[in-house]
Amino acid sequence: MSIIRNVTIVGHASKGKTTLSEAMLNVAGVTERMGNIADGNTVSDFDSEEKKRGVSILSSVLQFNYAGAKFNLIDTPGLFDFAIGQAEGMRAAETAILVVSSRSGIAAGAEKAFKNATAKGLARIIVTTKMDDERADFQKAFNGLADKFGSSVCPVVVPVVSGGKNIGFYNLIDDKSYTYNGIKRKEEALSDDGLIDELREAFNEAVAGTDDELMEKYFEGEELTKDEKIKGLKIGLAEGTIVPVFAASGLTGVGVDLLLDFLKDCAPEPKGEEASRDGEAVDRPCDASGELAAICFKTVADPFIGKLNYFKVVSGKITQGITVTNPRTGDDERIGKMVITLGAKQTDVKECAAGDICAIAKLSTFKTGDTMCAQGKSLTLNSVDIPNATYSMAIVADKKGEEEKVANAAYRIIEEDPSITFVNNTETHQTVLSGLGEQHLDVCLSKMKEKYKVSASLVQPRVAYRETISKKVEVQGRHKKQSGGHGQFGDVWIEFEPCDSDELIFAERVVGGSVPKNFFPAVEKGLKDAMEKGVLAGYPMVGVKATLFDGSYHPVDSSEMAFKTAASIAFKNGIPNAGPVLLEPIVTLNAHCNDEVMGDIMGDITKRRGRVLGMNPIGDGMQEIVAEVPQAEMTTFSIAMRQITQGRGSFTTEFARYERCPENVTQKVIEDAANEE
């Protein structure tokens with residue numbers, strides 16, 4: 001199939017993306033009837049979690065033919081918790097269809113998707129769905145799009161409105177109006193309320209502006225032909241100067257055929273990419289006869305069907321039976337079973353050429369973001385932009401002894417969704433599961449239970465506090481024990497004082513050999529061991545200088561163990577009198593938010609005992625806020641950030657330093673530590 005169209009469907013949650021996908025399959029003759037999300041029978045949302053929750057959670061690859069073209073359609077989730085799906089779709093596509101409700105207009109998820117598609121250089125098409133709804137208002141939705149995205153927004157298929165009602169659709173490319181019986185369209189002359197003339201003028205001006213010859217013809221008052229309009233739309237779509245807008249109904253399928261025709265005629269063809277070889281940039285043209293370069297943009301890990309890696313072939317071709325290289329690992333693998341997919345349905349293929357998409361079963365070394373090369377070659381394509389995990393909880397196996405099962409299940413889930421992380425924190429002795437939000441982690445737990453038969457729960461993660469001292473003390477540590485034969489004797493005088501260090505600073509100023517030098521390392525070891533558990537709440541100690549200045553020894557009974565024990569006794573006796581204080585980790589927060597909610601974000605930071613350090617405008621109606629916030633207060637910040645910015649915001653954190661805890665926080669931490677013992 002020489003015509004290939006790689007298209008991803010993106011937008012806000014519950015605006016009709018999956019419903020539009022169903023309509024496209026039905027109009028293309030792939031399905032006999034359209035599935036329904038409420039009934040759990042859509043081709044796209046086939047995962048058990050999606051059926052249970054009634055929302056898209058994973059990206060779904062739908063491959064089908066229409067009017068002589070091969071379509072690789074990637075339906076993506078709109079919920080922010082499952083943003084990895086959108087990242088996968090955008091990595092594999094040249095065109096992004098942005099779905100917007102004609103009833104409620106543009107939402108935050110659509111704004112974000114539009115920005116992402118623009119940043120990645122994708123052609124952008126907007127579909128205003130739900131035109132079957134009597135509350136649909138295309139003109140209002142279109143005006144909102146023009147206000148938000150500017151003059152590049154261009155009407156292409158619009159409703160014919162008469163007496164305030166939608167009576168058909170008008171295609172500005174062929175200047176014809178249509179009515180529908182089911183999904184079958186019929187050309188029919190329709191009179192409207194006068195909006196089409198206004199939209200036609202905007203359309204012609206936008207199309208003519210893409211080419212000098214078309215512009216000259218337009219200014220001379222000549223009508224543009226259908227072929228000339230298609231030429232202009234192809235140029236504008238590829239260059240990003242035109243964002244076509246289509247009115248349609250995913251639920252009934254009306255207008256969807258006009259969208260498919262447009263995609264076939266005007267959407268960009270697959271193109272080559274720049275890759276990296278030995279640190280040097282190299283171009284990889286989209287040529288089936290070129291050197292193999294393919295990107296793994298999605299992975300499915302299932303305990304029953306096994307692992308499936310989806311590849312978009314940028315250059316060359318993948319053929320069953322060949323041996324390929326993974327440059328990340330250096331491993332070679334033989335290509336076995338290759339398939340194309342229609343949701344859960346798989347069809348075997350023998351070959352996948354440049355520009356096309358396929359899935360390959362049972363590759364052991366490849367994961368999302370990896371490049372596939374010809375054997376012995378090393379070439380790296382741009383990876384998938386994996387969203388950073390921002391919401392963390394500690395995970396605990398519900399049954400004792402099943403910790404390893406939980407870990408194995410988590411790693412299998414991460415194969416499929418690399419935006420999840422699973423880390424064993426040796427300091428807090430907890431295993432921390434991180435993702436993009438509460439729902440993300442909830443789905444993760446549900447998959448563990450359903451697919452991998454292991455049950456786990458989430459608890460608040462502990463904070464890695466530190467303890468230190470605030471004043472100088474001198475203290476004796478004396479260890480004497482007689483138990484027949486050689487006894488044990490160690491006697492030290494140590495001065496403890498605050499210092500600026502993450503580790504114990506050990507010094508000595510012993511005079512006259514009261515403690516022999518060969519016992520100094522034992523004293524230091526005893527103190528270092530004691531520093532691992534502070535006296536307030538049992539957290540590691542920092543910022544302590546210990547100076548051994550006196551003591552005594554016994555020529556027979558003294559030993560390294562005795563002096564190590566004596567040092568530990570000195571620590572336990574002295575530190576409680578040295579003004580022990582609790583330190584908490586402080587993180588530097590870098591938050592991006594829309595202008596209008598900047599005050600609300602700053603207020604939320606202040607409530608979390610944070611300090612705003614500065615603000616900087618970063619363009620496109622966004623602000624950057626830099627602040628320092630106690631890590632203990634950041635657990636729910638991702639949820640608050642999403643609610644306040646309606647999903648438009650983002651943030652990163654980085655450890656800055658430790659700071660003294662307020663007294664009320666210290667007391668709470670001490671109480672919690674006592675309750676855990």
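Helices, of at least four residues, and strands, of at least two, are DSSP runs numbered from the N terminus. The model described here is predicted.

Methionine 541 sits in the loop that links helix 12 (520–531) and strand 31 (544–552). Its relative accessible area is 4%. Buried means under 20%, so methionine 541 counts as buried. Neighbours within four places in sequence aside, methionine 541 is in contact with Glu467, Thr468, Ile469, Met531, Gly534, Phe571 and Ile575. Glutamate 223 is 318 residues from methionine 541 in sequence. In space the two are 81 Å apart, C-alpha to C-alpha.

Strand 5 (residues 123–129) is also buried. Seven of its seven residues are buried, so strand 5 is largely enclosed by the rest of the structure. In a regular strand the side chains alternate between the two faces of the sheet. Both faces of strand 5 are covered. Ala123, Ile125, Val127 and Thr129 are buried on one side. Arg124, Ile126 and Thr128 are buried on the other. Strand 5 pairs with strand 4 (residues 95–101) in the parallel sense, over seven bridges. Within this pair, leucine 98 stands opposite isoleucine 126.

Two helices come next. Two packed helices are described by the angle between their axes and the distance between the axes. The axes of helix 5 (residues 138–149) and helix 6 (residues 195–208) come within 13 Å and cross at roughly 25 degrees. That angle makes helix 5 roughly parallel to helix 6. Their crossing is left-handed. Helix 5 contributes Phe138, Gln139 and Phe142 to the contact, and these meet Leu195, Glu198 and Leu199 of helix 6. By class, the contact residues are four nonpolar, one polar and one charged.

Strand 24 pairs with strand 25 (residues 430–435) in the antiparallel sense, over five bridges. Here asparagine 424 stands opposite threonine 431 of strand 25.

Technical notes. Residues numbered from 1 in each chain as written. Predicted model: local features only at pLDDT ≥ 70, side-chain atom pairs only at ≥ 80, totals over all residues. Heavy atoms only, no water. Pairing = 2+ DSSP bridges. Axes fitted to C-alpha atoms, helices over the stretch in contact; angles between N-to-C directions. Parallel < 35°, antiparallel > 145°, perpendicular 65-115°, else oblique. Left-handed = near helix turned anticlockwise from the far one by under 90°. Contact = heavy atoms within 4.5 Å. Nonpolar A, V, L, I, M, F, W, Y, C, P; charged D, E, K, R; others polar. Buried < 20%, exposed > 50% of the residue type's maximum accessible area, 1.4 Å probe, protein only.
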